[in-house]
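This report describes the surroundings of one residue and then the fold around it.

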Amino acid sequence: GGKYMYLKEDILQEINASALFKAKLPDIVLFHRKKNWLYLIEAVVSHGPIDDKRYVELEIALSNSTVDRIYVTAFPDQNKFRSNAADIACDTEVWIADAPEHMVHFNGDKFLGPHNFKKG
């Protein structure tokens, strides 16, 4: 409830993202002005994951915007993630509440590379 509890419509207009209202706003929309990043976060328990259909719907709604978009589906736990993993769209991210320090990246080689683990 209270999806529009804290909404800055003027910012959405400024970044040409007001069409999000027609596409149904994601559960959380955050704008990082310095990086020009728009975070679009769906809580899987309210809408479901960002699947291919939802991804395209949001991309169309933001087609006049020049912001870089980061799509995130938020899950309460690993079990809920596993039961929805096949539906998650490519080029999106996953955050799981029971492992909050980690993200799952569904975006190909964007983060491919060795990890710099401390030896000790």
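Apart from neighbours within four places in sequence, Ser65 is in contact (heavy atoms within 4.5 Å) with Ile15 and Asn16. A polar atom of the Ser65 side chain lies 2.5 Å from the backbone oxygen of Ile15. Ser65 sits in the loop between helix H2 (52–61) and strand E3 (68–75), where helices (H or I, at least four residues) and strands (E, at least two) are DSSP runs numbered from the N terminus. Ser65 is buried, with a relative accessible area of 9%; buried means under 20% relative accessible area, with a 1.4 Å probe and protein chains only.

The model is predicted: local features need pLDDT of at least 70 and side-chain atom pairs pLDDT 80 or more, while totals for chains, interfaces and linings use all residues. Residues are numbered from 1 along each chain as its sequence is written, and side-chain values use heavy atoms, without hydrogens and water.

The protein chain has three helices and five strands, in the order α-β-β-α-β-α-β-β from the N terminus. The five strands form an open sheet of mixed pairing, ordered E1-E2-E3-E4-E5; strands pair if DSSP finds at least two bridges between them. Each edge strand has a single partner strand, so one side of each is left without a neighbour in the sheet.

| Edge strand | Residues |
|---|---|
| E1 | 28–32 |
| E5 | 103–106 |

Strand E2 (residues 37–43) runs parallel to E3, joined by seven bridges. Ala43 is opposite Ala74 in E3.

Buried residues make up 31% of the 120 residues in the protein chain.

How values were computed. Buried < 20%, exposed > 50% of the residue type's maximum accessible area, 1.4 Å probe, protein only. Polar contact = N/O pair within 3.5 Å; in protein donor to acceptor, adjacent residues only side chain to side chain.
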